[in-house]
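Here is a set of exercises to work through with the viewer open. Try each task yourself before you read its solution.

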Amino acid sequence: MLYSRIAGTGSYLPEQILTNADLARRVDTSDEWIVSRTGIHSRHIAAPDEMTSDLACKASLAALESAGVAASEIDLIVVATSTPDMIFPSAACILQDKLGVHGFPAFDVQAVCAGFAYALATADQFVRGGMAKTALVVGAEVFSRILDWNDRRTCVLFGDGAGAVVLKASDEPGIIMTKLKADGRYRDILATPGGVANGEVVGTPFLHMDGQAVFRFAVKALAELASETLDAAGMTAADLDWLVPHQANVRIIESTAKHLHLSMDKVILTLAHHGNTSAASIPLALDEAARAGKFKRGEHLMLEGIGGGFAWGSALLRW
Ligand code: UT7
């Protein structure tokens, strides 16, 4: 049986840091409110000339280095993003060129904060099916460009960044199980409902969110998904060593951990210094924890993300 296995991880956060105190000078908010409601202390903001593919490229180079894999060995690129450089070509094709490699499939997936789970599941299927041997899977976002910086309900929550993994074909897992879900009936509670037509922006190009509705949906959906993923793999929560969740809100993460009876020291938490980076948040958290030496070979990790669509997904893997 063929599996895919994470051979290396990388991430990149832009240089500029925006603290809660900085935000409190722009909108009616406070460090106390942001920290107590979300767990976020600061976030990174891309420079004006820094594009999603630039962030993706830096994270990818770090992932390739940690995997000991040359760019010329990659035979698939999947980029999860909702903030690509432009309408087309895809961030994945631009990234491919920036990495100086050409010819193999490269495409974006758009599942907002569940994007990395979708991209990983897609690449895993390519590898299992024999269509790729060495896949680069990236989550990269510049959400700072779709935020209304006068809207305190949303601008304090998000940041920019990228994370990447190299997936290699392997005789042993690796990725044990992935699950993806979507329910378009909830598309209005978290959306950036703008587009471009006839040379003009149509609709609203800023993110808007019904925070409480999203919160309620996320808590329930993530708990159910975690149980379903473990059941499908014939495992229980007791078999889990680490939870690597989407980094949106520490209260949502605590709730998932509680559902799994997992103590918080088994949960990777990085949102304090980068906020919600949407599709980038899971690979960012994964990379930070991997580089800190937290994961031991053979340990079981659960990755979970949820966001606009609504779309949500998980990956259960052996490190
Ligand atoms: O990645 C996709 C997934 N996204 C998420 O997971 C986000 C899910 N939602 C959340 O994390 C939370 O709902 C928020 C952090 C967005 C909001 O927390 P909350 O505890 O649900 O607050 P709330 O929306 O009920 O607002 C409470 C109060 C309101 O004031 P009133 O109406 O009670 O007077 C808000 O206007 O807090 C006010 N408020 C703020 N106050 C200071 C909202 N934003 C701010 C702010 N600073 N930045």
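The structure holds nine salt bridges, a salt bridge being a side-chain nitrogen of Lys or Arg within 4 Å of a carboxyl oxygen of Asp or Glu. This is a predicted model, in which local features need pLDDT of at least 70 and side-chain atom pairs count only at pLDDT 80 or more, while totals for chains, interfaces and linings use all residues. Residues are numbered from 1 along each chain as its sequence is written, and side-chain values use heavy atoms, with hydrogens and water left out.

**Exercise 1. Salt bridges**

Task: Find the salt-bridge partners of R25, R128 and K181, and classify the residues of each pair by accessibility.

Solution: 

Step 1. R25 pairs with D22, with 2.6 Å from N to O. R25 is exposed because its relative accessibility is 64%, and D22, at 22%, is partly exposed.

Step 2. R128 bridges to D124, and their closest N and O atoms are 3.0 Å apart. Both residues belong to helix α5 (residues 115-128) and sit four residues apart, about one turn of the helix. Here helices (H or I, at least four residues) and strands (E, at least two) are DSSP runs, numbered from the N terminus.

Step 3. K181 meets E228 in a salt bridge of 2.8 Å, N to O. This pair links distant parts of the chain, since K181 is in strand β8 (residues 175-182) and E228 in helix α7 (residues 211-232), 47 residues apart. K181 is partly exposed at 26%, and E228 is partly exposed at 32%.

**Exercise 2. Helix packing**

Task: Describe how α3 packs on α4 and how α7 packs on α8.

Solution: 

Step 1. Set up the geometry: axes are lines fitted to C-alpha atoms, for helices over the stretch in contact, and angles run from 0 to 180 degrees between N-to-C directions.

Step 2. The axes of helix α3 (residues 52-67) and α4 come within 9 Å and cross at roughly 55 degrees. That makes α3 oblique to α4, given that angles under 35 degrees count as roughly parallel, over 145 as roughly antiparallel, 65 to 115 as roughly perpendicular and the rest as oblique.

Step 3. For α7 and helix α8 (residues 250-259), the angle is about 30 degrees and the axes are 9 Å apart. These two helices are therefore roughly parallel to each other.

Step 4. Now the handedness: a crossing is left-handed if the near helix is turned anticlockwise from the far one by less than a right angle, and right-handed if clockwise. α3 passes α4 in a right-handed crossing, and the crossing of α7 and α8 is right-handed.

**Exercise 3. An enclosed helix**

Task: Why is helix α10 largely enclosed by the rest of the structure?

Solution: 

Step 1. Look at residues 281-291: eight of the eleven residues of α10 are buried, so the rest of the structure largely encloses the helix.

Step 2. Among the buried residues are I282, L284, L286 and D287.

Step 3. Just after α10, G293 has a positive phi of about 75 degrees.

Technical notes:
Buried < 20%, exposed > 50% of the residue type's maximum accessible area, 1.4 Å probe, protein only.
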